[in-house]
Amino acid sequence: MADLSANFLGIKSPNPFWLASAPPTDKQYNVLRAFEAGWGGVVWKTLGSQVKNVSSRYSSIDYGGTKMMGFNNIELISDRPLDINLREIAECVRLFPDRAMIVSLMADNTREKWHELIAQVEDTGAHGLELNFGCPHGMTERGMGAAVGQDPEIAKMVVEWVMEKATLPVITKLTPNVHSVVPTGRAAVEGGTHALSLINTIQSITGVDLDTFVPNPYVAGKSVYGGYCGPAVKPIALKMLTTIAQDPLTARMPISGIGGVSTWKDAVEFMLLGASNVQVCTAAMKHGFRIVDDMIDGMNNWMDEKGFKTLDDFIGKSVPTITHWEDLDINYHIVANIDQDKCIHCGLCYIACEDTSHQSINLSFGNPFNTYSIKEDECVGCNLCKLVCPVDSCITMVEQRKGDDYVNWKEFQRRGLPLNDH
């Protein structure tokens, strides 16, 4: 059986599944339940100057019968007294010494406040610190959260303050509310951080109540931009993760992947694109802590199937496959193929192709049902028909190269090869 044990900055855990800094890691009661359920570690909900939260706090987007496809929150950092948090962190470490205990921090923006908070947290026996440079709401007006993560110079300065005092491993959490996460990631590395985590939540409005006319979540007739997470943000998180894994400076850092991890497959994808472990929030809030069983079993079975013995055998394996558009092979070509034995004659492929794509599917009217076939000379291999088809493996894409040699766009232009003749 594969070995799922993780070692992140020397912080060991029985598996790579951590709970992210969020309501599920707000107190001892939750964290102990999580550890009993099998989670490898937690990032304790962000500590700093105590705040007062509002009600309500959450909203979501449901899509295609799936609840909470996207999840939005306007909750701030911990609203519990610091001394209670510190005492409970120490107790959790005592009871579960084999689990990773990382504490998220967002101090007031002075060197002294950061040093004071770090000293207090390190006294708990925690294993690491995560710097919250990403909270997108309710903290930016104080020069905290995303206001730090959006300015590389400030981010570097704060990391330098932290590194003056910290003796524990330091992880810097990046905000996605920027054009690119790389500048702040590089700044954090230059400031001395030991690792990076990403992404934090994305500023959002999930929708407007058509009766009250107020966006959700509703607070006495008003609302604000919230932080968006859940399955809907996964593609954005994977892209930003990959840019960090490809940059020569930030690629040297261990990365904790966050953003829509709901299944073991999601976790594997994050790790293939450079993450050393993953953090989970929305999926646990929707399904409860026991979902970690499926994540552990699924990753174990997949690793066994692929012949991977340890996590290091596949971490980052997909990063080299991400290139630039102008370097893609223009001679590589695929066409669709419809398996008539599997086809249910719904016509979705034909409608999609005929109305919005390349008119590459034949419609043959019949009795009792219509049949569909591919016009191979017209098919550009866009995948749309395969994506809309409701039957697994009914439509497949078959390779039909345009030439034996590899030719990218730059070489295509250099040779003066012909463009499409319409």
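Analyst: Helices and strands here are DSSP runs, a helix having at least four residues and a strand at least two, numbered from the N terminus. The model is a predicted one, and in it strand S15 (334–338) and helix H13 (409–415) each supply at least two residues of the lining of the largest pocket.

User: What makes a residue part of the lining of the pocket, and which residues lie nearest the centre of the largest pocket?

Analyst: A lining residue has an atom within 4 Å of a grid point of the pocket. The largest pocket, with a volume of about 1,000 Å³, is lined by 26 residues, and Ile330, His333, Val380, Lys402 and Asn420 lie nearest its centre. By class, this lining divides into 12 nonpolar, 7 polar and 7 charged residues.

User: Why are H5 and H6 called roughly parallel?

Analyst: Helix H5 (residues 152–165) and helix H6 (residues 182–191) pack at an angle of about 30 degrees, with their axes 8 Å apart. Angles under 35 degrees count as roughly parallel, and H5 and H6 are therefore described in that way. The contact involves, among others, Ala155 and Val159 of H5 together with Ala187 and Ala188 of H6, and by class it has 7 nonpolar, 2 polar and 3 charged residues.

User: What is omega for the cis peptide bond that joins Asn367 and Pro368, and where is Pro368 placed?

Analyst: For the cis peptide bond between Asn367 and Pro368, omega is about 20 degrees, and Pro368 has its place in the loop between strand S16 (361–364) and strand S17 (371–374).

Conventions: Residues are numbered from 1 along each chain as its sequence is written. This is a predicted model: local features need pLDDT of at least 70, side-chain atom pairs count only at pLDDT 80 or more; totals for chains, interfaces and linings use all residues. Side-chain values use heavy atoms; hydrogens and water are left out. On a 1 Å grid over the protein atoms alone, a cavity is a set of points where a 1.4 Å probe fits but cannot get out, and a pocket is an open set with protein on both sides within 12 Å along at least five of seven lines; lining residues have an atom within 4 Å of a point. Grid points are joined across faces, edges and corners, and a volume is the space filled by probe spheres set on the points. Ala, Val, Leu, Ile, Met, Phe, Trp, Tyr, Cys and Pro count as nonpolar, Asp, Glu, Lys and Arg as charged, and the others, Gly among them, as polar. Axes are lines fitted to C-alpha atoms, for helices over the stretch in contact, and angles run from 0 to 180 degrees between N-to-C directions. Angles under 35 degrees count as roughly parallel, over 145 as roughly antiparallel, 65 to 115 as roughly perpendicular and the rest as oblique. Contact means heavy atoms within 4.5 Å.
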